Amino acid sequence: MRRTVLMGAVGSVLVLLGSLGVGWLANVSALRRNPLIMWMRFETLGVVVSIALLALGSMLLVREWLRLGQKLSPWGPGSARWVLTAIAAWTVPMLVSVPLFSRDVYSYIGQGRVMASGLNPYESGVSSIDNFFQLGADQLWAESPPPYGPVFLWVEQVVVTVTHADPDASVLLFRALNVVAVIACMWVVPRLARLHGVNPRRALWLSVANPLFLTNFVVAAHNDAIMLALALLGTYAAAVQRNWRGGLVGTTLVTLSVAIKPITVVFLPFVGLLWAGRNASWRRKFVVWALTLAYSVLLLGIMGAVNGFGFGWVSAVSTPGSVYIWYAPMGLFGLFAQLVADSWGLDGSAWMHAVHSAGTAVAAGLTLTLMFVGRDSRIFRRLAWSMAAFVLLAPIIQAWYVVWLIPLFAITGIRNDWQADVLFFITGFFTVYAVADQLDVFPYLELNLIAARVISALLALSYGLYLWFLDPATRRIQRGPDAGLARPPVL
């Protein structure tokens, strides 16, 4: 076990070292003047070394995560300390890495500056602030309103005020807030698993110890960590006290989550079902749903009145949905519809938009169905499938979108069969994709960005195929009695 934890930490250190050369670094960052970092970023050999370190380190993390699960089965009480030790050991090097896999954290800094300047970020993009590009924000979203609610705008403003908009200090502070959120998830996931008769230690390994969870929430510093922690805490509060006290606390926490990123509005009707109690009549369910919605809208309205922006963030929610990605089914269908329409002389963009809208409509319909259909003991599983519908039927599926789903399925039971295989494949796929997709490569090197991505993808993919087919330790998932499901759910 010590070897597995240590080798995972080595993988995390390799990711840290690789980030120095190809991670996202603001132009004004003092780190750019460090001789080692200058060599890793501005010399072709240094960039190749950085790519290799990043690809191999990321896949080594995946391997040791798999090995951790294999060695700890059948998940007795003593396995808890090893899962917690692994999470801590693998996270520490990530705390000081240069942001990887996404540069959204620099947009947070820009939006915080917009807030600190007294402007409305839903009307004024980060490009409205002087020197925005030097602080690392992606030009692609320079004019776009942030798809975040009022709570996170305040968080951005506070961070920028405390750090005086220094990009490196701001990244560290955003990351520190995310670490608090990760710790909250470490606390709540085992408790939610116990409510469902699921082994809490295995659920923690599947979710929080998962490399996708740690890299997206710590290295990339996505605000989804705070969003998810609040949503899980809210549903746990509503599940533990299935009365008006638990319902109010749960709705409050989930509403705060919605005020980070609005996607967790999907949690509200299921919190309402928990609030209504076991064997509630349909009349009581509708009354509680109405109360849940009214109370949540009231809280959001108060926040909008305080910051003066009202519900301006609602129109900004669609910002990320205006693009698509090839491996998302609806994104691929939308592209096909556009090509067909264009070939017929029709408006291809309208056809693509119609396909994307249809995906959202189907997801909403499935959520509505799951509100009414299903056993009381399956409320969390119904919530998991509702969130999955919105993720899988979206035109773009990012790695951190998938991370929203992993805890929900882990706490309700991921069997040690094809279900575990799917999670392992998803973890490997998105790790390989992330390693190749987001690289900050100096444009005037002999090695261009496309070549860098190809090298990174080939290294990570080769390692992934080795794990899946050749590695004697990981090529076959260890089958046996499913220790993940301990007893019938008690919800």
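The protein chain holds 19 helices and zero strands. Helices (H or I, at least four residues) and strands (E, at least two) are DSSP runs, numbered from the N terminus. The radius of gyration of the chain is 23 Å, close to the 23 Å of the globule rule for 491 residues, so the chain is as compact as a globular protein of that length. That radius is taken over C-alpha atoms, and the rule is 2.2 Å times the number of residues to the power 0.38.

This is a predicted model: local features need pLDDT of at least 70, side-chain atom pairs count only at pLDDT 80 or more, and totals for chains, interfaces and linings use all residues. Residues are numbered from 1 along each chain as its sequence is written, and side-chain values use heavy atoms, with hydrogens and water left out.

Now the whole chain. Its C-alpha trace spans about 70 × 55 × 55 Å along the principal axes. Of the 491 residues, 56% count as buried. Buried means under 20% relative accessible area, exposed over 50%, partly exposed in between (1.4 Å probe, protein chains only). Consider contacts (heavy atoms within 4.5 Å). Among those with a separation of 6 or more, 74% come from residues 24 or more positions apart.

Next, one residue. Thr412 sits in helix H17, which covers residues 399-412. Is Thr412 buried or exposed? Thr412 counts as buried, because its relative accessibility is 11%. Its side chain reaches the backbone oxygen of Phe409 at 3.2 Å. Leaving aside residues up to four places away in sequence, Thr412 touches His196, Val198, Phe380 and Arg381.

Key: A polar contact is a pair of N or O atoms within 3.5 Å; within protein, one must be able to donate a hydrogen and the other to accept it, and residues adjacent in sequence count only if both atoms are side-chain atoms.
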